[in-house]
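The following paragraphs lead from the chain as a whole to one of its helices, and then to a few individual loop residues.

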Amino acid sequence: MELDTYHTISWLATPHGPLAHKPGATAVADPLYRLLARTIRVRGAVLDLNPGIGVASLAASSQGASVSAWEERRPMLRALQASAARHRGLRVAARLPWRVSEGTFDDVILVIGAERGNDWVRLQIASAAFALRPGGALWLAGSKKQGFERYFSWAQEALGGAEIVARDKGLRVARLRKNGDAAEPLVRLRSFEAVVRGRKYRFTALPGVFSAGELDPGSAALVEALPQKVSGLEVLDLGGGYGALSLPLAAAGARTTLLESSLAAVESSRLNFDRAGLAAEILHSDVDEALPAQRLYDIVVSNPPFHVGGRVVLDVAEAFVAAAHAHLRPGGRFYLVANQFLKYEVWMRKLFSDVRLRVVAGYKVIQASK
Ligand code: SAH
């Protein structure tokens, strides 16, 4: 995919007006959001804690509610911001779900983010409960295949009075009323040590971050396959996560820039660099959107994502390949790791010269030159 195509916003007709979407964000316009949008009856101050591109947020605002849509992923955020420019009553913020104040919303709408893991869902639910005023309602949407029953029971423990208000095949929407007090959401950091390139590092990650709690084996394979001498080189890390690739490179003297779409991951990597006493440029970015076009690097590294919202989506990975090419100096090198079934080398051969594959620890490490 061309970078221009990746970054282009297009418009989707919905029953409540046009909504912006774009590659990297489209997978969230799914039937669960539409079921939630059809089911909710809200007014006053409404918080959408997992808006995606805003299908349910827009339905809420069309009922006259003043909607705060908090999204932490850049592709969705960019689409939401474009939509908010057209819809009064839709306020969009780049904000993590647990940054709530007590008792400030009449209703909370929430699509369970099961693909982000249990710690994330627990925090979504705890945050929703805390943010509601007494008597306010949580509208909780999930699919049975992705563990709705379990999450519904967690929400009942946090809130109280509950009923299922909509069903569509395996999809469910429940409404839960806040009866008593709710505890402030408690964020548990995941921390672990790992030896990388012969040195021990401590990595910490917030809930919902890729491979929080352990070094991803693909990332480990990639980082060990990188050149030994990186001191003084400028390195771009596409999809930097909590910094598994960049931190060891920075420790070896590289000047690193991390681009990362998830705010939880951005904050995690900032924490890891601060604790290690190392500097890096860390940007909340949808692929290379936050990076000036003329910025060039000696090395680009990436363990690209191939899932969005739990589905295999290769738009983002293909845009990563194009961005690596766009931001590499002539003579520079791009290193990417992937599961063996993903044929990224096909895209890479179209843009780069001297594309070489190696299998390291069961993963494919692809090296390409510009
Ligand atoms: N480099 C890290 C993370 C690799 S996983 C590590 O090795 O542990 C891929 C990362 O890409 C995830 O952190 C994910 O949040 C991020 N990502 C997904 N879509 C993105 C996009 N559109 N722009 C930038 N980063 C994205």
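A residue is called buried here when its relative accessible area is under 20%, and exposed when that value is over 50%. By this criterion, 56% of the 370 residues of the protein chain count as buried, in what is a predicted model.

The secondary structure of the chain comes to eleven helices and 20 strands. The radius of gyration is 21 Å, close to the 21 Å that the globule rule gives for 370 residues, so the chain is as compact as a globular protein of that length. Taken along the principal axes, the box that the C-alpha atoms fill is roughly 60 × 40 × 35 Å. Of the contacts between residues at least 6 apart in sequence, 64% join residues that are at least 24 apart. The accessible surface comes to about 15,200 Å², and 49% of this belongs to carbon and sulfur atoms. As for charge, the chain carries 46 positive and 35 negative side chains, with the centres of the two sets 2 Å apart.

Lys22 is found in the loop between β2 (17-21) and α2 (31-39), and it counts as buried because its relative accessibility is 1%. Apart from its neighbours within four places in sequence, Lys22 is in contact with Tyr6, His7, Thr8, Ile9, Pro75, Arg78 and Asp286.

Most residues other than glycine have a negative phi. Ser211, however, has a positive phi, near 55 degrees; Ser211 lies in the loop between β11 (199-205) and α7 (217-225) and, at 16% relative accessibility, counts as buried. Val287 likewise has a positive phi, near 50 degrees, and its place is in the loop between β14 (281-284) and β15 (297-302), where Val287 is buried with a relative accessible area of 5%.

Note on methods:
Residues numbered from 1 in each chain as written. Predicted model: local features only at pLDDT ≥ 70, side-chain atom pairs only at ≥ 80, totals over all residues. Heavy atoms only, no water. Helix = DSSP H or I, 4+ residues; strand = E, 2+ residues; numbered from the N terminus. Rg over C-alpha atoms; globule rule 2.2 N^0.38 Å. Buried < 20%, exposed > 50% of the residue type's maximum accessible area, 1.4 Å probe, protein only. Contact = heavy atoms within 4.5 Å. Areas by Shrake-Rupley, 256 points an atom, 1.4 Å probe, with all protein chains shown as cover. Lys, Arg positive; Asp, Glu negative; His and termini not counted. Charge placed at Lys NZ, Arg CZ, Asp CG, Glu CD.
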